[in-house]
Amino acid sequence: MVAHEMHYQAYIIGGYVRDRFLLRDGKDFDIVVVGDGILYAQNLAKALNQQKNITVFKTYGTAQIKYDDIEIEVVGARKESYSPESRNPLVEAGTLAEDQNRRDFTINTLALSLNKMDFGLLLDPFDGVTDLLNKQIRTPLNPDITFSDDPLRMMRAIRFATQLQFQMVPETFSGIVRNADRIKIITKERIADELNKIILSPKPSIGFKLLDEAGLLPLIFPEFCNLKGVEVIEGKGHKDNFYHTLEVLDNISEYTNDLWLRWAAILHDIAKPATKRFETNDGWTFHGHEFKGAKMVKRIFTNMKLPLNEKMRYVEKLVLLHLRPIALTKENITDSAIRRLIFDAGEVLDDLMTLVRADITSKNENKKRRYLENYLLVDEKIKEVEAKDHIRNWQPPISGEEIMKAFNLLPSKEVGIIKTVIREAILDGVIPSTYDAAYQLMIEEGQKLGLSINATN
Ligand code: CTP
């Protein structure tokens, strides 16, 4: 109606139409208008009674309307592409066909008419529906043109191939190989957004393998490429940590949709190349890769412009602890070792166990079975000890304030020492986690430190 009154033509285009064909839920609409996109959006917002919920991006000639939980993005049809990296985002107005030409993939060029005379008509000049049916990703134009308009589209191609489990046609894939280097002009934030969408796909390894084969992975995530390869000395090889990590990532993706737990899987062995040694008796070792790996997380997050917040610290913690549960099974598993694990892992314990479970990937079935048995043993023990000792949300039975009051102390080193002694004694099972036992130990420890008890206590 709005378009008709303005003598404009308007179409729903892109993701929404694609997803309707794929029976995927899609809430956001992209509308392309042959005419002034912003003016149309303003009239549409009025018609929908949403004048307060419109945001106009003059530089890009676009506008966004929020309508309940739906987002409507409106843009005027253009002759040229309009990547955010482009120095001149204001491009000449064009027809619908010209606009469709400059979009990324045939499956994203489908347009549904919103016009009175042919409402609901599908305009599909590049046979996008056939590509949808054949599950194919193809650029509408020569890929060199489509990718140079916006090099991020190379990652988008791989992202759609991974999310939808579509194949890329060979011309499109070889276009990425030829243009891979151009990814360097794209901001790290946009790259990270696409990479995260690949990571959140049902089987993320598909995307990582494509990124690698296309030559993009070394440019966007070199540390991950360093995991590749097998070295053989004296007839002994080690796992290819690139493929092992991808297997762990696919495994964990069956259990969790949490992006950061999936990132922990990606980074759990990241320091293996840097810690690799061949020792005559032991063969290949990667001693300390969990410590070094945890340290590498911040650098990688910084380089990739991922958030440097509690999500990063969560990933660091999981990388650091990922060997602990299985390492316990090398000796007799004591309750105190389990208590320490529960205490150190704290609220990431369940996620740590999910990571450890996903990390069991040996080709040798016997080895795999043995690891799995060990995993189940630790899991069982954790449940047992936790039911008994409640270490998980453990709070010291005696607070720092109480220690200060008991010995008439100001905040000082002694308070810390006493607190640590009490905590260690509880974790080691020397005393129970009760107020009375902790109080008694506090007195003894205070005396050792030469402190005298507050007479008014
Ligand atoms: N588009 C494009 N080139 C880009 C980004 C987007 O041609 N680099 C076009 C495509 O036609 C796409 C539409 O803009 O369908 C909307 O883009 P976007 O919202 O980013 O993607 P969707 O296709 O909607 O998919 P998703 O929501 O999964 O990101």
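**Thr-62 and its surroundings**

I began with the contacts of Thr-62, taking contact to mean heavy atoms within 4.5 Å. Leaving aside its neighbours within four places in sequence, I found Thr-62 in contact with Ile-38, Thr-55, Val-56, Phe-57, Glu-73, Val-74, Val-75 and Arg-78. Thr-62 lies in strand S4, where helices (H or I, at least four residues) and strands (E, at least two) are DSSP runs, numbered from the N terminus. I then asked why Thr-62 counts as buried. The reason is its relative accessibility of 12%, since buried means under 20% relative accessible area, exposed over 50% and partly exposed in between, with a 1.4 Å probe and protein chains only.

I note for the record that this is a predicted model, in which local features need pLDDT of at least 70 and side-chain atom pairs count only at pLDDT 80 or more, while totals for chains, interfaces and linings use all residues. Residues are numbered from 1 along each chain as its sequence is written, and side-chain values use heavy atoms, with hydrogens and water left out.

**The sheet around S4**

Next I followed the pairing of S4, where two strands pair if DSSP finds at least two bridges between them. S3 and S4 (residues 62–67) are antiparallel and share four bridges, with Val-56 standing opposite Ala-63 in S4. Four residues separate the strands of this hairpin, and among them Gly-61 takes a positive phi near 65°. S4 also pairs with S5 (residues 70–76), again in the antiparallel sense, over six bridges, and Gln-64 has Glu-73 in S5 as its bridge partner. The hairpin of S4 and S5 has two residues between the strands, and Asp-68 in the turn shows a positive phi of about 55°.

I then traced the whole sheet, which is open, has mixed pairing and runs through seven strands in the order S3-S4-S5-S2-S1-S6-S7. Its edges are S3 (54–57) and S7 (122–123), each of which pairs on one side only.

**Two helices**

I looked up how far helix H10 (residues 205–214) is enclosed, and seven of its ten residues are buried, so the helix is largely enclosed by the rest of the structure. Those buried residues are Ser-205, Gly-207, Phe-208, Leu-210, Leu-211, Asp-212 and Ala-214. Gly-215 follows H10 and has a positive phi, near 85°.

In helix H19 (residues 335–345) I listed Ser-336, Ile-338, Arg-339, Leu-341, Ile-342 and Ala-345 as buried. These buried residues pack against H17 (310–321), H18 (324–327), H20 (349–358), H21 (365–389) and H23 (413–427). After H19 comes Gly-346, with a positive phi near 55°.

**The chain as a whole**

Finally I turned to the totals. The chain holds 24 helices and eleven strands, and 48% of its 457 residues count as buried. Its radius of gyration is 29 Å, whereas a compact globule of 457 residues would have one near 23 Å; the radius is taken over C-alpha atoms, and the globule rule is 2.2 Å times the number of residues to the power 0.38. The C-alpha trace spans about 90 × 65 × 35 Å along its principal axes. Among contacts with a separation of 6 or more, 65% join residues 24 or more positions apart.
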